[in-house]
Amino acid sequence: MGAALVANLLYSVGFVVEKRALGKLPALSAGQPLRVILVLLTSPLWIVGALALAAGFAAQLVVYRALPIAAAQGIFVSGLVLLLLLSSAVLGEESTGRERYALGGVLVALLMVVASVREGEDTVGSGAPWMLVLLVCVPALAAGVWLYVRVESRAHNRHRVPTSGIGYGVAVGLLYGVSSLAVKGTSSRLTTTDLGEAARSLFGSPYPYLLLFTAVAGLVMSQTALQRCRASLIVPVCTTVTCLFTAVLGTLAFGESLPDDPLLLALRVAGTLLALTVLLAMPRHDPPPAAAPS
C-alpha cells in the first residue's frame, strides 16, 4: 500500500512539473519524434518531472508483485485527486462543472473495482503466456497510434472547434495500458537473485520490447498532447483508460481469478461499465472563450 501511495505522489508531481515545463518550450509535433525528444532534454525542469515519473514506475513494480492487478489499478487511480489539486494550485487550470462530475464518477467507478477485491482471497498472477500478451497488446498499440493520428489530423483543421483532449487521452491511455501489462510481466520475471537467470528470463519475453516501444511512443505522444491540452483533463482520461485496460485484460491474461461472491463480481463489472459510460459522456471540445465585455 505504501509503495502505491508513493507511486501516486510521484506520478502526480511528475505530470504537473512536466506540464509547467512544456508551457515554456517551442510547439512540439508528434510527426517529428526526434526533435520532440531533443527539445525536451533541453529543459532541466522537464527532466525533473521525468525523473519523478521514472521513480513512480519503480514503485509500481513493487506494487504489482504484492497486489492483484484490479486492486493496484484502483489505488493508482486515487492519485487523480492529488493531480487535480496540484494542477489547480500550480498550473491554474480550472475544470468545468460537467468535467468535475465526470471525474467524480470515474473515481466512484474505480473505487467500486477496488471494493470488489478481498485481501488474501484474490490471487496475484505470476506470469502469462507471451503469445496471449501479444494478442492483447499489439491490437491495442495499433488502435492507440491510429486514434492519435486521427485526432492530430482533425486538430490541424482550423475550422474545427478546439478539442478538449479526450481523444489524445484515450490514445495515450491505450499505450500506457500496454506498458502497465509489460510492467506487471516484468515484475513476474524478476523473482530470482541470480542476475544472469533473471536477465535471460526477462529478455526472452516480449516485456522489455513492449516497454521500449511504449516508452518512446508514449513519451512523444503524451508530451505533445500535454502541451496542447489541460493536464487536469487529459491525465485523468489517460489514467482511466489505462486502469480499465489493465484491470480487465490484465486480470484475464495473467490468470487472476474474478470474485466468487456474486456481490463482489457485480461491483467489479458495474464499476467497469460506469467508468466506460462516464468516459464516453465527457465533453469532446473545450467551451468557447467568453466574449470580452464591450
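User: In this predicted model, how many nonpolar, polar and charged residues does the lining of the largest pocket have by class?

Analyst: The model is a predicted one, and its largest pocket has a volume of about 860 Å³. Among the 35 residues that line this pocket, the closest to its centre are Tyr-11, Phe-15, Leu-53, Phe-57 and Tyr-176. Sorted by class, the lining has one charged, 13 polar and 21 nonpolar residues.

User: Which element gives the most to the lining of the largest pocket?

Analyst: The elements that give two or more residues to this lining include α1 (2–22), α3 (44–66), α8 (166–189) and α11 (231–253). The element that gives the most, with eight residues, is α10.

User: Is Ser-180 buried or exposed, and with which residues is Ser-180 in contact, leaving aside its neighbours within four places in sequence?

Analyst: Ser-180 has its place in helix α8. Its relative accessibility is 5%, so Ser-180 counts as buried. Once neighbours within four places in sequence are left aside, the residues in contact with Ser-180 are Gln-60, Tyr-64, Thr-242 and Thr-246.

User: What kind of aromatic pair do the rings of Tyr-148 and Tyr-168 form, given their centres and planes?

Analyst: A search of the whole structure finds one aromatic pair. Its rings belong to Tyr-148 and Tyr-168, with centres 5.1 Å apart and planes at 55 degrees. Planes under 30 degrees apart would count as stacked and those over 60 as edge-to-face, so the pair of Tyr-148 and Tyr-168 is tilted.

User: How many residues apart in sequence are the parts that the pair of Tyr-148 and Tyr-168 ties together?

Analyst: Both Tyr-148 and Tyr-168 are buried. Because Tyr-148 lies in helix α7 (residues 130–155) and Tyr-168 in helix α8, the pair ties together parts whose separation in sequence is 20 residues.

User: How far apart in space are Ser-201 and Thr-186, C-alpha to C-alpha?

Analyst: Ser-201 has its place in helix α9 (residues 195–203), and its relative accessible area of 24% makes Ser-201 partly exposed. Ser-201 and Thr-186 are 15 residues apart in sequence, and their C-alpha to C-alpha distance is 9.4 Å.

How values were computed
Residues numbered from 1 in each chain as written. Predicted model: local features only at pLDDT ≥ 70, side-chain atom pairs only at ≥ 80, totals over all residues. Heavy atoms only, no water. 1 Å grid on protein atoms, 1.4 Å probe; cavity = no way out; pocket = protein on both sides within 12 Å on 5 of 7 lines; lining within 4 Å. Points joined across faces, edges and corners; volume = space filled by probe spheres on them. Helix = DSSP H or I, 4+ residues; strand = E, 2+ residues; numbered from the N terminus. Nonpolar A, V, L, I, M, F, W, Y, C, P; charged D, E, K, R; others polar. Phe/Tyr/Trp six-rings, centres within 6.5 Å; stacked < 30°, edge-to-face > 60°. Buried < 20%, exposed > 50% of the residue type's maximum accessible area, 1.4 Å probe, protein only. Contact = heavy atoms within 4.5 Å.
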